[in-house]
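Please read the following report alongside the sequence and the model.

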Amino acid sequence: MFRPALRSSTRLLRGTTPSSFLTGRLAAYRFISQEVRSKIQKAIDSKPVVLFMKGTPDAPQCGFSRAAVQVLEIQGVPPEKLQTYNVLQDEELRQSIKEFSEWPTIPQIYVNGEFVGGCDILLSMHQSGTLENLLENNGVIPKVEESSATNTAPSS
């Protein structure tokens with residue numbers, strides 16, 4: 001059933017030059033307005049850590065959003081440095097943030113205005129220790145000072 005459709009699309013692509021194929025692909029984008037782009041940028045700049053998610057931190061509406069919130073809690077991100085936006089409350093935001101970041105899925109996390117990634121990247125960074133470094137280097141969480149005191153045997 002799908003084979004004829006695949007063959008016809010393959011024929012169309014064979015005669016297509018890369019630039020015309022790319023142009024056709026870009027035509028599928030929605031192209032957010034400058035006003036919406038500005039609002040999203042303002043939201044991203046509002047706090048050191050910004051999370052666009054489905055639901056709220058207290059009531060996430062998908063497992064990936066729940067995982068992102070849990071990772072940020074484990075990392076010790078203080079609530080006053082975290083801003084979340086529920087994309088389920090605003091369909092325009094839900095679609096526009098994907099185009100803004102050029103990332104197709106929610107949740108999306110930003111640290112000091114820079115896009116970090118989605119849940120998979122956040123989990124990977126958490127597991128490798130790079131998320132902690134990123135948060136420390138951006139002043140989101142305090143740096144853990146390595147103990148300079150030498151271990152001494154307890155006196156008897």
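This is a predicted model: local features need pLDDT of at least 70, side-chain atom pairs count only at pLDDT 80 or more; totals for chains, interfaces and linings use all residues.

## Helix packing and loop geometry

Residues are numbered from 1 along each chain as its sequence is written, and side-chain values use heavy atoms, with hydrogens and water left out.

Two packed helices are described by the angle between their axes and the distance between the axes. The axes here are lines fitted to C-alpha atoms, for helices over the stretch in contact, and the angles run from 0 to 180 degrees between N-to-C directions. Helices (H or I, at least four residues) and strands (E, at least two) are DSSP runs, numbered from the N terminus.

| Helix pair | Angle | Axis distance |
|---|---|---|
| α4 (residues 63–75) and α6 (residues 119–128) | about 30 degrees | 9 Å |
| α3 (residues 34–44) and α5 (residues 91–101) | roughly 85 degrees | within 10 Å |
| α6 and α7 (residues 130–137) | roughly 90 degrees | within 5 Å |

Helices α4 and α6 pack at an angle of about 30 degrees, which makes α4 roughly parallel to α6; angles under 35 degrees count as roughly parallel, over 145 as roughly antiparallel, 65 to 115 as roughly perpendicular and the rest as oblique. In this pair, F64, A67, A68, V71, I74 and Q75 of α4 meet C119, L122, L123 and H126 of α6, where contact means heavy atoms within 4.5 Å. These residues comprise eight nonpolar, two polar and no charged; Ala, Val, Leu, Ile, Met, Phe, Trp, Tyr, Cys and Pro count as nonpolar, Asp, Glu, Lys and Arg as charged, and the others, Gly among them, as polar.

The axes of α3 and α5 cross at roughly 85 degrees, and α3 is therefore roughly perpendicular to α5. On the α3 side the contact involves V36, R37, I40, Q41 and I44, and on the α5 side E92, L93, S96, I97, E99 and F100. By class, six nonpolar, two polar and three charged residues take part in this contact.

For α6 and α7, the axes cross at roughly 90 degrees, so α6 is roughly perpendicular to α7. Residues L122, M125, H126 and S128 of α6 touch T130, L131 and L134 of α7, and this contact has four nonpolar, three polar and no charged residues.

The chain as a whole has seven helices and four strands, which run α-α-α-β-α-β-α-β-β-α-α from the N terminus on. Of its 156 residues, 30% are buried, that is, under 20% relative accessible area, with exposed meaning over 50% and partly exposed in between (1.4 Å probe, protein chains only).

The loop between α5 and β3 (108–111) holds E102, and P107 is placed in the loop between α5 and β3 as well. E102 is exposed, with a relative accessible area of 70%, and has phi near 60 degrees, a positive value in a residue other than glycine. The peptide bond from I106 to P107 is cis, with omega near 15 degrees.

In the loop between β3 and β4 (114–117) lies N112, whose phi, near 45 degrees, is a positive value in a residue other than glycine. N112 is partly exposed, at a relative accessible area of 36%.
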